[in-house]
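Subject: Structure handover

Hi,

Here is the structure I promised to pass on to you.

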Amino acid sequence: MFSENSNSLNNVLLGKYDDVILPKLDILEDKRKEMLKNAFIAMLVWTAMCGIFSLFAIFLIKDYPKIFITALYFLSLYLLYSSTKKDFERDIKKELFPIVSDDFVLNYEIIKERSDSDTLYSDLYIIPAYKYLYYEDLFSGSYKNVKLDIKELKTEKECCCGFFDKKVFKGVVISFEMNKNFKGNTVILSDTARHASPSKNLHHTVLEDVEFEKKFDVYTDDDVEARYLITTALMERLNNLQVAFNTDKISAAFRDNKFYIALSSKKDLFFVGSILKNINTKTQFVEFFKELSSVIMLIEYFKLEERTGL
Amino acid sequence: MTLTTILIVVAVVLAFWFYGVYVSVIQKRNKVLEAFSSIDVQLKKRYDLIPNILTIAQKFMDHERSLIEDVTKLRTQVYSMANNLGNIDKKIELDGLISKKMGQIFVAMENYPQLKSDATMVTAMQTYNEVEEHIAAARRFYNSAANELKNAVEIFPSSMVAGMCGIKAVDFFRAEEQERKAVNAQDYLK
């Protein structure tokens with residue numbers, strides 16, 4: 001799907017491993033062991049505290065809820081492990097970035113993990129309505145002078161009267177600066193029989209590509225602008241993207257001179273550096289850079305770096 | 001339930017059905033008019049841009065004066081035409097001629113490096129290309145609307161309603177015969 005340039009971008013990223021990470025591997029490995037040791041000590045201390053509390057509680061509290069307290073204990077251990085693991089993965093990524101090359105700049109940002117107010121993606125209609133938004137990774141930068149943002153995120157909504165949170169979306173949302181000027185709002189969603197518009201300001205429009213129409217519905221507030229943005233070439237490329245990324249769903253939107261693509265994925269993307277494994281191996285970085293370069297190469301795939309564009 | 005009541009109910013249902021089909025056909029026709037108008041809007045943007053390009057080109061392109069004058073005359077002709085579906089064939093013809101002449105001007109620009117690198121001309125050409133893409137998009141919209149109207153006019157039962165209301169199908173925008181011919185590279189690489 002991608003040109004040979006994807007290999008060269010991948011090589012630039014892997015070159016970063018040789019230049020920046022390799023010299024720091026011993027330090028990162030020591031850091032990993034230190035974090036594991038601290039987590040282990042914290043686990044022992046917590047276990048001791050819980051044990052002492054339980055001993056007192058068994059004698060002092062009638063009908064002491066053993067199962068509930070045991071479940072809470074194991075849950076707390078899982079949260080401790082999970083938080084340590086996440087901190088370690090973020091530390092590695094902080095070390096890797098920023099990555100700068102002749103036509104490529106990429107930064108890794110640490111942002112607040114959960115956002116209850118960021119409704120951008122549901123306002124774009126590329127993700128169903130949600131209550132909570134959890135950021136897992138956030139990359140930003142530019143490639144061939146095209147600005148981009150890559151966000152791996154997860155969204156949830158409340159269900160069962162707020163007792164549980166149900167996952168709405170998990171995957172990657174990428175936004176690119178468009179090479180075309182436009183004013184309106186156009187959304188591409190997975191095909192449905194009803195063609196129900198996500199907004200009263202948008203109406204369904206039918207395009208020429210039969211294969212595209214079988215997979216997607218287009219909603220827009222300006223029919224001419226929708227066809228200006230969604231050319232026959234773009235339709236063909238979107239058709240192939242689902243297969244290439246092996247994803248369940250793709251949705252896209254054009255708004256405010258930006259092109260947004262949401263790729264849902266069950267797999268945890270951009271994973272690097274397991275806290276339980278030795279960090280002195282290149283293989284885990286290879287997969288990470290391959291995923292990253294595949295996403296960035298969408299700029300070339302959609303020809304966003306060219307004035308003629310899609 | 002008497003026969004009269006049944007007949008009245010059937011007549012009312014038929015009337016509602018007829019009204020529904022009538023509204024649908026009228027909406028499709030209006031969509032064609034809207035699409036035609038959107039092509040006109042984009043064409044006007046192009047025609048408004050042409051004088052800017054010609055003014056800049058005139059300063060440099062001494063030997064292409066007749067070409068520049070031809071485009072100016074064609075533009076004036078198109079501007080004076082009324083905007084309705086009856087003129088569509090003539091408009092397509094004139095627009096095709098303007099596109100052809102402008103294409104010749106852009107090709108001739110290759111002989112004037114100073115003009116090609118002029119910042120104002122570069123911006124004007126980029127804007128012109130954007131407008132061309134909008135015109136192509138507007139034509140696609142028009143063809144889509146024309147297709148929907150054609151289906152409504154030709155397929156029963158909406159064809160019956162369209163016939164009663166005097167609504168007819170419209171022609172699609174199509175490429176000129178010259179444009180459909182395969183390009184022979186030998187003609188250019190001499």
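Predicted model: local features only at pLDDT ≥ 70, side-chain atom pairs only at ≥ 80, totals over all residues.

**Chain A in outline**

Let's begin with the overall picture. Chain A has eight helices and eleven strands, and its C-alpha atoms fill a box of roughly 75 × 50 × 30 Å along the principal axes. Of the 310 residues in this chain, 46% are buried. I also looked at contacts in chain A between residues at least 6 apart in sequence: 65% of these join residues at least 24 apart.

**Two helices that cross**

Next, find helix α2 (residues 66-96) and helix α7 (residues 283-296), both in chain A. Their axes come within 14 Å and cross at roughly 70°.

**Aromatic rings**

Over all chains, the structure holds 14 aromatic pairs. A pair of rings like this is described by the distance of the centres and the angle of the planes.

One pair is Y73(A) with F74(A), which is edge-to-face, at 5.2 Å centre to centre and with 65° between the planes. Are these two residues buried or exposed? Y73(A) counts as buried, because its relative accessibility is 16% and the cut-off for buried is under 20%. F74(A), at 52%, counts as exposed.

Another pair is F176(A) with F259(A), this time tilted: the centres are 6.5 Å apart and the planes make an angle of 40°. F176(A) lies in strand β6 (residues 164-177) and F259(A) in strand β11 (residues 258-264), so the pair ties together parts of chain A that are 83 residues apart in sequence. Both F176(A) and F259(A) are buried. They also belong to one aromatic cluster, together with F182(A), F254(A), Y301(A) and F302(A).

**Lysines over tyrosine rings**

The charged end of K154(A) sits over the ring of Y134(A), 5.3 Å from its centre. K180(A) lies over the face of Y228(A), and in that case the distance to the ring centre is 4.7 Å.

**Around strand β11**

S264(A) is in strand β11 of chain A. With a relative accessible area of 13%, S264(A) is buried. What does S264(A) touch, leaving aside residues up to four places away in sequence? The answer is F169(A), K170(A), G171(A), T247(A), D248(A) and K249(A).

Now step back to the loop between β10 (250-255) and β11 of chain A, where you will find D256(A). N257(A) lies in that loop too. Most residues other than glycine have a negative phi. D256(A), however, has a positive phi near 50° and is not a glycine. N257(A) is not a glycine either, and its phi is positive at about 60°. As for accessibility, D256(A) is exposed, with a relative accessible area of 59%, while N257(A) counts as partly exposed at 30%.

**Over in chain B**

Two more things to look up. The first is a peptide bond. Most peptide bonds are trans, but a cis one joins F156(B) and P157(B), with omega at about 5°. P157(B) sits in the loop between α5 (119-154) and α6 (158-165) of chain B.

K59(B) counts as exposed, given its 63% relative accessibility. How far apart are K59(B) and A152(B)? They are 93 residues apart in sequence and 53 Å apart in space, C-alpha to C-alpha.

Happy browsing!

Cheers

Methods:
Residues numbered from 1 in each chain as written. Chains lettered and ligands numbered in written order. Heavy atoms only, no water. Axes fitted to C-alpha atoms, helices over the stretch in contact; angles between N-to-C directions. Helix = DSSP H or I, 4+ residues; strand = E, 2+ residues; numbered from the N terminus. Phe/Tyr/Trp six-rings, centres within 6.5 Å; stacked < 30°, edge-to-face > 60°. Buried < 20%, exposed > 50% of the residue type's maximum accessible area, 1.4 Å probe, protein only. Lys NZ or Arg CZ within 6 Å of the ring centre and 35° of its normal. Contact = heavy atoms within 4.5 Å.
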